[in-house]
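Have the viewer open and follow along.

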Amino acid sequence: MNTPERIRLANLPTPLHRLDRLSESLDADIWIKRDDLTGLELSGNKVRKLEFVLADARRAGCDTIITEGTCQSNHCRATAAACARLGMQAVLLFRPLPPAGVAGNQLLDSLFGAQTMAFSREDLSANKNAILSRLSAELKREGRRPRFTPAGASEPLGCWGYIEAARELRDQLHAANIRKCDIVLAVSSCGTAAGLHLGKLLCGCGDWSIWNVPVSDDVEHHRREISRLCSESIEQFALPIKTSAEDIAFIDGYVGEGYAIPYQQAIDGLRLLARIEAILLDPVYTAKAFCALLEMVRAGNLGKERPVVFLHTGGIFSNFAWPDVIL
Ligand SMILES: Cc1ncc(COP(=O)(O)O)c(C=O)c1O
């Protein structure tokens, strides 16, 4: 197995703790893994992936990271912050996200000195290769050495963030005397889910049931993407495991009307967790996944026979981009 190099950016291990007040109110056993606390500027799940992607960029002598997302992307903000910390330049290719303005993550991108370029969703998806090769050529002419990482840093190298996170979580669960559990998380660009799945297999955590909650696309899209990332990682890093698309489980029905379109039940869950545990979710990812967890717990399908762990993947700055939705 070829373990790649990493740069330390995140505050690890992030805490794992029981949600006592929520558990009591729902008569269930509910835990949380606080990856919202990987850092402040570098908060959320993306930091774990960037530790590997940016180590690779530095080793290759790159000084500029090009990546993409919506103008409220947590990944773009984390990339901008990581680049600022490492003395690199972030170039962010943005898709618009109405009605979010320049508050929230976009405000931070500007403070971290990221260069941003706006594209329509259609233009970026239809012409991505041409846009990237033109931009790379321009940057090289200016004497820069760019490296591209896709949305969410969801490339095989980025998956290592959650392969390592699985090891961290296993040790914490063992220390809490927990072996069998359910784990619930939001899934979008799929690197977190793929890494956690690979990490589960590599760490011998066959007693975990991982429930991926799509927040952007349909289950078939996510199953395909997670499987692709798993197969590419297994091949690229000679991982001594086998897996198939059927091993990946989902809780479906929580996208709502679409990506980044919040809905009432998810906002209700966000407000409940804030009020009862003083923990902040975000309206785009974690509130939807947490809504799935709450409904499964209330229906008696999770958190009764064994603990359920919510993987909090961060995103709190989005709350400041959609204050009217949240209130
Ligand atoms: C806060 C938050 N949670 C969850 C996700 C989903 O993670 P992934 O893109 O690796 O599926 C993202 C990013 O897309 C995110 O920003």
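Ala260 sits in the loop that links strand 9 to helix 10 (264–277); helices (H or I, at least four residues) and strands (E, at least two) are DSSP runs, numbered from the N terminus. Before going further, please note that this is a predicted model, in which local features need pLDDT of at least 70, side-chain atom pairs count only at pLDDT 80 or more, and totals for chains, interfaces and linings use all residues. Residues are numbered from 1 along each chain as its sequence is written.

Ala260 has a phi near 65°, a positive value in a residue other than glycine. Ala238 also has a positive phi, about 50°, although it is not a glycine. Ala238 is placed in the loop between helix 9 and strand 9 (249–250). Are these alanines buried or exposed? A residue is buried if 20 or more other C-beta atoms lie within 10 Å of its own, exposed if 12 or fewer, and partly exposed in between, with C-beta atoms placed from the backbone.

| Residue | C-beta neighbours within 10 Å | Class |
|---|---|---|
| Ala260 | 21 neighbours | buried |
| Lys46 | 36 neighbours | buried |

Lys46 is found in helix 2. Leaving aside residues up to four places away in sequence, Lys46 touches Asn74, His75, Ala78, Gly152 and Ala153; two residues are in contact if their C-beta atoms, placed from the backbone, lie within 7 Å. Pro13 lies in the segment before strand 1 (16–18).

### Around the ligand

Which residues come closest to the ligand? Of the 20 residues that surround it, the closest are Asn74, Ser189, Tyr285, Thr313 and Gly315. A residue counts as near the molecule if its C-beta atom, placed from the backbone, lies within 6 Å of it. Two or more residues of this shell come from each of helix 3 (74–86), strand 7 (181–187) and helix 8 (191–202). Helix 8 gives the largest share, 3 residues. Sorted by class, the shell has 5 nonpolar, 14 polar and 1 charged residues. Here Ala, Val, Leu, Ile, Met, Phe, Trp, Tyr, Cys and Pro count as nonpolar, Asp, Glu, Lys and Arg as charged, and the others, Gly among them, as polar.

Helix 8 has 12 residues and reaches 16 Å from its first C-alpha to its last, close to the 16 Å expected at 1.5 Å a residue; the expected span is 1.5 Å times one less than the number of residues. Because 11 of its 12 residues are buried, helix 8 is largely enclosed by the rest of the structure. Its buried residues pack against helix 2 (46–59), helix 7 (156–175), strand 7, strand 8 (208–214) and helix 9 (219–236). After helix 8 comes Gly204, with a positive phi near 65°.

### The sheet

Strand 7 is also largely enclosed by the rest of the structure, because 7 of its 7 residues are buried. Cys181, Ile183, Leu185 and Val187 point one way, while Asp182, Val184 and Ala186 point the other way. In a regular strand the side chains alternate between the two faces of the sheet.

An open sheet is formed by 6 strands in the order 1-2-10-7-8-9, with mixed pairing. Strand 1 and strand 9 are the edge strands, each pairing on one side only. Two strands pair if DSSP finds at least two bridges between them. Strand 7 and strand 8 are parallel over 7 bridges, with Val187 opposite Pro214 in strand 8. Strand 8 and strand 9 pair in the parallel sense over 2 bridges, and Asn212 stands opposite Phe250 in strand 9.

### Two domains

The chain is divided into domain 1 (16–44 + 155–326) and domain 2 (46–153), with bounds from an automatic or database domain assignment. Their C-alpha centres lie 24 Å apart. Across the boundary, 24 residues of domain 1 are in contact with 27 residues of domain 2. Helix 7 gives the most to the domain 1 side, with 7 residues. The ligand shell draws at least three residues from each domain.
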